[in-house]
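Let's take a walk through this structure together, starting with one of its ligands and ending at a sheet. Keep the 3D view open as you read.

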Amino acid sequence: MGKELKYRTCHLCEAMCGLEIEVEDNKVLSIKGHKEDIYSKGHICPKGVALKDLHEDKNRLKRPVKRTDNGWVEISWNEAFDAVERELKKIRKKYGNDAIATYTGNPTVHNTGTALTLYDTINAIDTKNRYASHSLDSVPVFLVNQMMFGHAMLAPVPDIESLDYFLIIGANPLASNGSFMSTPDIKGKISNIKSKGKVVVIDPRKTETAKKASEHYFIKPERDIYLLLGIANELFKRTNITDSLSYSYIKNIDQLQEVVSEYDLENIAPLTGMSADDISKIIDDLLSHKNPVVYGRLGVNTQRYGTLCQWLITSVNILLGQLDKPGGLLFTLPAIDYVTLMAHESKMFRYKSRVKSYGEIVGEYPTATLAEEILTPGEGQVRGFLSIAGNPARSAPNSDQVEEALKSLEFMVAVDMYINETTQYADIILPPAVGLETMHYSFVLHMVATKNTSKFSPPPLQVSDNQRYDYQIMSELQRRLFSGGVFSKAKNYITSKISPKRKLDLALKTGPYGIWGGRKFKKDGLSLSKLEKKKEGVFLSELSGQFPDRLFTKDKKVELTPELFVKELQNLKKESFEAKDDKHPFTLIGRRHLRSNNSWMHNLPILQGGSRKCTAMIHPQDASFLSISDDQMIEVYSKKGSISIAAEVSDEIVPGTISIPHGWGHHGKNIRMDVAQEESGVNVNLLMDHERLDPLSYNMAFNGHPVGIRAISS
Ligand SMILES: Nc1nc2c(c(=O)[nH]1)N[C@H]1C(S)=C(S)[C@@H](COP(=O)(O)OP(=O)(O)OC[C@H]3O[C@@H](n4cnc5c(=O)[nH]c(N)nc54)[C@H](O)[C@@H]3O)O[C@H]1N2
Ligand SMILES: Nc1nc2c(c(=O)[nH]1)N[C@H]1C(S)=C(S)[C@@H](COP(=O)(O)OP(=O)(O)OC[C@H]3O[C@@H](n4cnc5c(=O)[nH]c(N)nc54)[C@H](O)[C@@H]3O)O[C@H]1N2
Ligand code: SF4
Ligand SMILES: [Mo]
């Protein structure tokens, strides 16, 4: 077979770039951005190109392996599934359903087959001990959406192409390519906003995004809550909001005014480390631009005030008159209306975790308590574990405890293509075909995209007979591990038999643009076969206003002052930020790099090397006080652990704070990631206290963590 061009959406981050892949004899010759792609128009980043390396990675497993005293041994799929079924059923029989825990990692959102089968599989296992990476990043957003709009997944998205003022607080889309804002070519979009107005970044570090912005302001970590309260209060003071807002469906504007009224600029400014004048200028700009939006992500979500910050960001946008408005924040209406399809799942706080009594959110307990649920004896203790596309040994806090917990399990199975820091503890690893071997439809990310588009990509590469897709593994586990009654048995059997393509086709046909959409036959409506003919995808619509119809609250109103949030503000008043912890006087924040993706792409040669990635960035003032020079090894310690890491002395970080990326520390004698192990880096989550959570959503508060620093003498 000669050379062929194939087209596929990149699934690695949220941006959904279209790729043009030159293939010959099932080998990748090159990967470029697909210029005709309806959404990304040729944009690509280095990770997209790295899909070739992922395909060729010698460490990638293609057949199941079993851990033995003499190392890893390949076994057949049948043998592997038999063992998983036998061992997990044994645990269930001995200790009950909840003795099996499941953890689903970030790639489950990005892999279409997994996303389409995952919940059926986990529901079949029928355990309350469900965990996911959501509680390491997203649950504050879910909680705010639920409380304000009635649905955890109904997330507002900046109408990025129409903005003339974009205030970014605690996000670095130039490195991350955006989150809860799926849009390719952030750099181009930021330039476009600048040509019409301003992009302003508020971040304890002068990030890649900050450098590209019109203005950047340093803020002390975890003080955003004061800034946001101050902004909200000032908006009420400077304009007659109650009169000027045209919404008929926003409840409790007056109550919000009362709640924020005590946060004057002069009082809050010193807490944030920003000047009152600078904050005042930002408020002037918010009010004088036609299309302003405030946007925040991990910096304001993975901290102790994650939910409150998210609430106030949404509220400030509402006070600016920018909710559900072109040129402001909008909601999508994707071809597969996942929000509506998942409406019955959008529930919270129905039951509590055993050890720490944390409430569940969308059926999941916080990952920060997973290790305790495994290690704490008693009824309901977790003894069996199914990990799907996750690396909690690196991504979850207090990783020493996580590893101790994984080691102590009676049985663990991982669905993953690598033997890494987490899967090394599995008894059996079930490796899926991944990347360019899989078909793709980004139905989860279309929920937070900046335009409504639709695209299906068939797999550009073939798999061998021995390989299995994630969805095949999931469905097999679903059939074998089902625990339920007669009625659900039939449903379970049927759902496990429907192929992901059938599921997609059905969802597309019955979705808002489908041939049966709105229960009427539309000849030119969407179906999978129609999409298959359009390798560049189809444009469906610009985002447009949909409220109050799209609201999921019972009264079709937006709740501006959820009681839970207002109450928590009272606790904030009791908080004092004066130096409480003399042993750990610095605050630690995270950092992302364009050529990295959480913990799992460090084995791809094309992404390794280049600029220093896993360093502790420290301000020259702090470095000189502690006699630390650039590149010198330092010890960073916390209540939970200590790491040695090279210092990167830089005035791009606010004094008193250090920044260390996560997802590194690729060591362990049983792991098999040759390239990653060469430049293994250091695991920052050894330092993280798993009890340091946002008290409302129980999301992990990675940012703002107290640490101490000392120079290591050479
Ligand atoms: N300190 C600190 N910690 C953090 C963060 C931080 O900012 N700071 N960020 C947090 C965030 S936002 C997140 S989302 C989490 C991520 O946490 P996790 O999801 O637990 O970790 P990942 O590093 O994404 O690991 C993904 C795993 O999935 C596997 N994988 C990749 N693709 C596929 C696939 O298609 N199928 C299957 N079956 N497996 C696949 C990889 O080999 C890897 O083992 O980390 C969190 N941890
Ligand atoms: N290249 C790359 N892309 C990724 C990922 C990756 O690991 N690498 N991970 C993906 C995932 S899982 C996610 S969830 C998204 C995350 O997407 P983003 O949220 O854009 O990612 P971060 O780079 O973590 O941005 C958080 C910013 O907050 C700042 N910050 C830290 N603490 C505070 C604080 O207290 N206040 C304020 N105002 N700012 C603070 C940090 O300095 C950082 O610049 O990225 C996704 N995309
Ligand atoms: S920006 Fe994201 S979707 Fe686009 S090529 Fe890079 S990793 Fe893939
Ligand atoms: Mo994430």
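Start at ligand 2, where one of the oxygen atoms sits 3.0 Å from a polar backbone atom of asparagine 172. That is a polar contact, meaning a pair of N or O atoms within 3.5 Å; within protein, one must be able to donate a hydrogen and the other to accept it, and residues adjacent in sequence count only if both atoms are side-chain atoms. Leucine 298 also has a polar backbone atom 3.0 Å from an oxygen atom of ligand 2. On histidine 593, a backbone N or O atom lies 2.8 Å from a nitrogen atom of the ligand. The protein covers 96% of the 920 Å² of accessible area that ligand 2 has on its own (areas come from the Shrake-Rupley method with a 1.4 Å probe; for residues, only the protein chains shown count as cover).

Before we go on, a word on what you're looking at: this is a predicted model, in which local features need pLDDT of at least 70 and side-chain atom pairs count only at pLDDT 80 or more, while totals for chains, interfaces and linings use all residues. Residues are numbered from 1 along each chain as its sequence is written, chains are lettered from A and ligands numbered from 1 in the order in which they are written, and side-chain values use heavy atoms, with hydrogens and water left out.

So who surrounds ligand 2? There are 31 residues, with Asp203, Asp224, His593, Ser596 and Asn598 the closest (a residue is near a molecule or strand if one of its heavy atoms lies within 4 Å of it).

Now hop over to ligand 1. It has 31 residues around it too, and Tyr103, Asn106, Ser395, Asp416 and Ser599 come nearest. Asparagine 106 places a backbone N or O atom 2.6 Å from an oxygen atom of ligand 1. Asparagine 111 uses its side chain instead, with a polar atom 2.9 Å from a ligand oxygen. Here the protein covers 97% of the ligand's own 920 Å² of accessible area.

Last stop: the sheet. Seven strands form an open sheet in the order β5-β4-β19-β18-β17-β6-β7, with mixed pairing. Strands (E, at least two residues) and helices (H or I, at least four) are DSSP runs, numbered from the N terminus, and two strands pair if DSSP finds at least two bridges between them. Strand β6 (residues 100-104) runs parallel to β17 (residues 384-388), and five bridges join them. Look for alanine 101, which stands opposite phenylalanine 385 in β17.
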